[in-house]
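Colleague: Please take me through this model feature by feature. I would like the general idea, then the case at hand.

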Amino acid sequence: MRIAIVGGGISGLATACFLERAGHDVVCLEPSAHPGGAIRSERRGGFLCETGPQAILEGAPETSALIAELGLDARVVRAAPAVARRRFIYVRGALRPVPAGPAALLRSDTLNLAAKLRLLAEPLVPRGPAARDAAGAADESVLDFGRRRLGDGAATALLAPAVIGVFAGDAARLSVRSAFPRLYAFERQHGSLLRGFLKSRRSGQLGAGRLMSFRDGLGELPRALAARLGPRLMRASVGAIARAGARWRLDLDADPACAAVDSDAVVVAASPRATATLLSPLAPAAAAAVRAVPMAPVAVACLGFHRPPDGVDLRAYGFLVARGERPTLLGCQYESSIFPGRAPPGAVLIRAILGGTFAPTVVAESDDAIAAVALSDLRRAVGLRGDPDFVAVWRHQDAIPQYELGHADRVAAVDADVAHHAGLHVLGYALRGVGVNDCIQAAADLARRIGPAA
């Protein structure tokens, strides 16, 4: 079967690879000269900068198998364990450690005694009502779920900042069922987050969770997928999708060499905005549901120092900032401490993340202004002294979809409308998971539903 994939981000590239492996004749259409979507790694001045996602969590079966299939196993680098475990939250005007276990929790000053005792009582908390669809009860936010299960102290000081680290968004607005389905499932299946975590870990369903990347950055993964596809990856922009008898016709924008592509099936795996535009004439309800997913803008500022800067304890992964604190940045990663080869010998690379739903306008500022905000906040939060020798800034206006309350109904609306069109499929991080592993898993699931070539 001839299958056209619209979009060469990680979802589209992985889908093309899985379908090609199943024997289909695939073509992946991507307008950018740099396939991979938000995933991109750049070397500048001896520093290796991640312009989007920084790492992936080790242990996801489909991702692990794909990495092996692409011959990237020898290229994998893993985060230094002692560094990756040492994380901080800026809360109540200071950096405070994220407890790595029960003993660390008792020693930590991140929570007061009452909040610690309430958190330890989590297994005794009864299940809440199951979330229902649009015809039933309202969805539950991550913050409300956390307050109910963990108590207000842990929910606001630990869970809400963790949400910022994933979604750059507000835990009070995001749906726990859609944004953190594993937490939701732990309560439904085991009656407790702690019991669910322990049982999943014993059964091997929950991996060690070690962060990993590649020697030349996370961008190696989409580059390897693009190389695997070869001529099946076409640099082209799709202007419209329409039925042409029993087949599909994809009209290409401004490409005299190839005005259209015909196929038996179409997978739309473009950006949310492009997906909604392409679906609008065909499946208007699906297009409206995709458009209804809010997007958080993000700016990434990479700051390089030829010598370790004074005032910063770099023996850590980094930190997140709780909302309500004076720093406006969302968080910071000490890149050269986490992975080898991110900076020249003796140098330091720090990556600051700004914007999100809390300060979206910062993304529209100049490079100098964004870097100045990052430096000011780092001086306030960690005591950074001195100026960087290297600065690079990247902006992502539609960076991270927000799985707000009712997101499951929006996904259902997309599925229901698209189901009326045989051979039309929709993928992408706007719907079923924002992480790289989520996108690869969704691509593998779709390839299984389509099945092998006849």
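Predicted model: local features only at pLDDT ≥ 70, side-chain atom pairs only at ≥ 80, totals over all residues.

Modeller: Residues are numbered from 1 along each chain as its sequence is written, and side-chain values use heavy atoms, with hydrogens and water left out.

Colleague: How many cavities of 30 Å³ or more does a search of the whole structure find?

Modeller: Rolling a probe the size of a water molecule over the atoms shows where empty space is left. A cavity here is a set of points, on a 1 Å grid over the protein atoms alone, where a 1.4 Å probe fits but cannot get out. Points are joined across faces, edges and corners, and the volume is the space filled by probe spheres set on them. The search finds two cavities of 30 Å³ or more.

Colleague: Which residues line the largest cavity?

Modeller: Lining residues have an atom within 4 Å of a point. For the largest cavity they include Ser11, Arg432, Asp438 and Cys439. Helix H17 (residues 436-450) supplies the largest share, four residues. Helices are DSSP runs of H or I with at least four residues, strands are runs of E with at least two, and both are numbered from the N terminus. By class, the lining has six nonpolar, three polar and two charged residues. Ala, Val, Leu, Ile, Met, Phe, Trp, Tyr, Cys and Pro count as nonpolar; Asp, Glu, Lys and Arg as charged; the others, Gly among them, as polar.

Colleague: How many charged residues are in the lining of the second largest cavity?

Modeller: That lining has no charged residues, with eight nonpolar and three polar. Among its residues are Ala270, Pro272, Val290 and Tyr429. Val426, Leu427, Gly428 and Leu431 are on its list, and they are on the list for the largest cavity.

Colleague: And pockets?

Modeller: A pocket is an open set of grid points with protein on both sides within 12 Å along at least five of seven lines. The second largest pocket holds about 180 Å³. Of its 14 lining residues, Leu143, Thr156, Ala160, Asp170 and Arg323 are the closest to its centre. Helix H7 (residues 152-167) gives the most to this lining, with four residues. The classes are nine nonpolar, two polar and three charged.

Colleague: What is the order of the open sheet of three strands?

Modeller: Two strands pair if DSSP finds at least two bridges between them. The order is S5-S9-S6, with antiparallel pairing. Strands S5 (56-57) and S6 (76-78) stand at the edges with a single partner strand each, so one side of each has no neighbour in the sheet. Three bridges join S6 to S9 (residues 211-214). Val77 stands opposite Ser213 in S9.

Colleague: Which way do strand S1 and S2 run, parallel or antiparallel?

Modeller: Parallel: five bridges join S1 (residues 2-6) to S2. Val6 stands opposite Leu29 in S2. Buried means under 20% relative accessible area, exposed over 50%, and partly exposed in between, with a 1.4 Å probe and protein chains only. Five of the six residues of S2 (residues 25-30) are buried, so the strand is largely enclosed by the rest of the structure.

Colleague: How many residues of H1 are buried?

Modeller: In H1, 10 of 12 residues are buried, including Ile10, Leu13, Cys17 and Phe18. H1 (residues 10-21) reaches 16 Å from first C-alpha to last, close to the 16 Å expected at 1.5 Å a residue. The expected span is 1.5 Å times one less than the number of residues. Just after H1, Gly23 takes a positive phi of about 100°.

Colleague: Where does Arg92, with its positive phi, lie?

Modeller: Most residues other than glycine have a negative phi. Arg92 has phi near 55° and lies in the loop between strand S7 (87-91) and strand S8 (94-97). At 47% relative accessibility, Arg92 counts as partly exposed. Ala168 also has phi near 55°. Ala168 lies in the loop between H7 and helix H8 (176-179) and is buried, at 3%.
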